[in-house]
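Here's a quick briefing to keep beside you while you turn the model around on screen.

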Amino acid sequence: MRTQYHDFLREYVALGHMVPVQDDGENISKVCYLPHPPIVKESSSTTKVRVVFDGSAKMSSGHSLNDSLLVGPVVQDELLNQIIRFRKFPIALVADIEKMYRQISMNPADRSLQRILWRFDASEPIQAYELGTVTYGLAPSSFLATRTLLQLVEDEGIPFPNASTAIKKNVYVDDLIAFEELQQHRSSHSATR
């Protein structure tokens, strides 16, 4: 487990999703250190050990970081609606946005609220790191990720109308279940024959 835990965090460092920081004492009131326990999922074919950054852990004040963060509104269609639509069509396309949260950079001014302490070897000093991307385990993370996806459609979607419609209607968190667009494409293709 130790090796897999280290590998998980090394990937964070290698991808620039976590960077070492030197605490100079500035803005100390805006710093939060998150505990990060391992979650083991034996059934996973890729990552058996995942590190979860715990924004719900209570501090000495009795409050957690998540207690101070707003969750944000739901901006995607409900899962039940998507499942019902999914069952109406004979063909479906299912896809997943890989590492969705980690594809979205956090505002540098907010990164000090996503710090962890870590060292890869017992002989090294403990190092503070800042997480630079949307972090699983914080209250607004789901909203930030889904809202970013919808903003991407607004900003870049005009040349891709079918993809834009699929993202707006058929994405739940990081999973796409596209079906109507395929059915419409098939119907319009048959009509042109």
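**Lys99 and the rest of the picture**

Lys99 has a relative accessibility of 34%, so it counts as partly exposed. Keep in mind that this is a predicted model.

**Lys99**

- You'll find Lys99 in the loop that runs between strand E4 (93–96) and E5.
- Its backbone deserves a look: the phi of Lys99 is near 50°, a positive value in a residue that isn't glycine.
- For context, most residues other than glycine have a negative phi.
- Lys99 also turns up at the largest pocket, as one of the lining residues that lie nearest its centre.

**The largest pocket**

- The largest pocket holds about 910 Å³ of space.
- Its lining is made up of 27 residues, and Phe8, Arg50, Lys99, Met100 and Asp174 are the ones nearest the centre.
- Two elements, H1 and E3, each give two or more residues to that lining.
- H1 provides the largest share of the lining, with four residues.

**The nonpolar cores**

- The largest nonpolar core has 17 residues, and the members touching the most others are Leu9, Met18, Leu34, Phe53, Ile116 and Trp118.
- Helix H1 (2–14), strand E3 (49–51), strand E5 (115–118) and strand E6 (127–131) are the elements that give two or more residues to this core.
- Once again H1 is worth a look: the largest share of this core, four residues, comes from H1.
- Setting aside residues up to four places away in sequence, Leu9 touches Met18, His36, Val51, Phe53, Ile116, Trp118 and Phe120.
- There's also a second, separate core of 11 residues, with Ile104, Val134, Leu149 and Ala178 among them.

- Gln76 sits in the loop between helix H2 (65–68) and helix H3 (79–86).
- With a relative accessible area of 13%, Gln76 falls under the 20% cut-off and is therefore buried.
- Its side chain comes within polar reach of two backbone atoms: the oxygen of Val171 at 3.3 Å, and the nitrogen of Val173 at 2.7 Å.
- Not counting residues up to four places away in sequence, Gln76 touches Thr146, Leu149, Val171, Tyr172 and Val173.
- Leu149, on that contact list, is also a member of the second core.
- Val173 lies in the loop between strand E7 (171–172) and strand E8 (175–178).
- Val173 has a relative accessible area of 24%, so it is partly exposed.

**Ala57**

- Ala57 is in the loop between E3 and H2.
- Its relative accessible area is 22%, which means that Ala57 is partly exposed.
- Pro35 is 22 residues away from Ala57 along the chain, and their C-alpha atoms are separated by 7.2 Å.
- Leaving out neighbours within four places in sequence, Ala57 is in contact with Pro35, His63, Ser64 and Leu65.

Terms used. Residues are numbered from 1 along each chain as its sequence is written. This is a predicted model: local features need pLDDT of at least 70, side-chain atom pairs count only at pLDDT 80 or more; totals for chains, interfaces and linings use all residues. Side-chain values use heavy atoms; hydrogens and water are left out. A nonpolar core is a set of buried Ala, Val, Leu, Ile, Met, Phe, Trp, Tyr and Cys residues joined through side-chain atoms within 4.5 Å. Buried means under 20% relative accessible area, exposed over 50%, partly exposed in between (1.4 Å probe, protein chains only). Contact means heavy atoms within 4.5 Å. On a 1 Å grid over the protein atoms alone, a cavity is a set of points where a 1.4 Å probe fits but cannot get out, and a pocket is an open set with protein on both sides within 12 Å along at least five of seven lines; lining residues have an atom within 4 Å of a point. Grid points are joined across faces, edges and corners, and a volume is the space filled by probe spheres set on the points. A polar contact is a pair of N or O atoms within 3.5 Å; within protein, one must be able to donate a hydrogen and the other to accept it, and residues adjacent in sequence count only if both atoms are side-chain atoms.
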